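Hi there,

Here is the structure I promised to pass on. Please have a look at it first, and then read my notes below.

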Amino acid sequence: MKKIALFPGSFDPFTNGHLETIERGAKIFDEVIVGVFVNTNKKSFFTAQERTEQIEKTIAHLENVRVVSQETDLTVTAAKKLGANFLLRGIRSVKDYEYEKDIQAMNHHLAPEIETVFLLASPEYNHISSSLLKEVLHFGGDVRNYFPPAVYQEIVKKRDSYEK
Ligand code: ADP
């Protein structure tokens with residue numbers, strides 16, 4: 001059976017930490033599907049369509065990775081519809097672990113046939129989150145090294161359009 005993993009997230013914006021997890025996942029699974037989910041608790045920086053386009057450009061070099069945008073479904077329902085038998089998530093810290101273990105348990109309850117696989121974020125990226133980077137960007141700090149070029153380019157455009 002093909003090993004297909006869904007990597008769900010809000011990716012708002014998509015960072016090099018997300019990219020690293022995908023690149024490592026692409027070596028483990030036959031296919032990785034990046035699911036751009038709308039997170040109802042977070043105010044969005046880029047629209048789901050903008051995020052999807054930016055991620056598509058960023059993962060173009062990875063043959064077994066594709067991106068889908070997912071508006072309403074439960075993660076496990078989306079995984080089943082996409083034919084994914086694994087969920088991929090990244091863990092940066094104990095804080096992530098506490099949050100992720102509850103989600104894993106709930107997803108296991110809802111769909112025991114779907115296995116969640118966690119990758120530990122590398123030390124280079126385990127201190128960054130989309131929220132922290134947004135805050136630093138807001139106050140003009142230089143965080144370009146944490147974003148893939150296709151994402152940073154759009155951040156700059158957005159910032160320029162505010163300043164006009
Ligand atoms: P969500 O809103 O679902 O938490 P995120 O876009 O914040 O979505 O994160 C998606 C996934 O990527 C999560 O599993 C998260 O732990 C992981 N992740 C976020 N930032 C990093 C990072 N810097 N390095 C590795 N994984 C990360």
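What follows is a short tour, from the whole chain down to a few single residues.

Please keep in mind that this is a predicted model.

**The chain as a whole**

The protein chain has six helices and five strands, and along the sequence they come in the pattern β-α-β-α-β-α-β-α-β-α-α. Its radius of gyration is 16 Å, close to the 15 Å that the globule rule gives for 164 residues, so the chain is as compact as a globular protein of that length. Buried residues account for 45% of the 164 residues. The accessible surface is about 9500 Å², and carbon and sulfur atoms contribute 54% of that. Among contacts with a separation of 6 or more, 76% are between residues 24 or more positions apart.

The five strands make an open sheet with parallel pairing, in the order 3-2-1-4-5. Strand 3 (65-70) and strand 5 (115-120) are at the edges with a single partner strand each, so one side of each has no neighbour in the sheet. On average, neighbouring strands are turned by 30° against each other, direction ignored.

Strand 1 deserves a look of its own. Six bridges join strand 1 (residues 4-9) to strand 2 (residues 31-37), and the two run parallel. Isoleucine 4 has glutamate 31 as its bridge partner in strand 2, while glycine 9 has valine 36. How many residues of strand 1 are buried? Six of the six are, so strand 1 is largely enclosed by the rest of the structure. Ile4, Leu6 and Pro8 point one way from the strand, and Ala5, Phe7 and Gly9 point the other way.

**The helices around it**

Helix 1 (residues 16-28) lies across strand 1, strand 2, strand 3, strand 4 (86-91) and strand 5, and runs at about 125° to strand 5. Helix 2 (residues 48-58) lies across strand 2 and strand 3, at about 155° to strand 2.

In helix 3 (residues 75-82), the buried residues are Val76, Ala78 and Ala79. They cover an arc of only 160° around the axis, which puts them on the same side of helix 3. As a reminder, an α-helix has 3.6 residues a turn, so residues three or four places apart point the same way. What do the buried residues of helix 3 pack against? Their partners are strand 1, strand 2, strand 3, strand 4 and helix 4 (94-110). Just after helix 3 comes glycine 83, with a positive phi of about 75°.

Glutamine 104 and lysine 81 are 23 residues apart in sequence, and their C-alpha atoms are 19 Å apart in space.

Best wishes

Terms used:
Residues numbered from 1 in each chain as written. Predicted model: local features only at pLDDT ≥ 70, side-chain atom pairs only at ≥ 80, totals over all residues. Heavy atoms only, no water. Pairing = 2+ DSSP bridges. Helix = DSSP H or I, 4+ residues; strand = E, 2+ residues; numbered from the N terminus. Axes fitted to C-alpha atoms, helices over the stretch in contact; angles between N-to-C directions. Contact = heavy atoms within 4.5 Å. Buried < 20%, exposed > 50% of the residue type's maximum accessible area, 1.4 Å probe, protein only. Arc of directions from axis to C-beta. Rg over C-alpha atoms; globule rule 2.2 N^0.38 Å. Areas by Shrake-Rupley, 256 points an atom, 1.4 Å probe, with all protein chains shown as cover.
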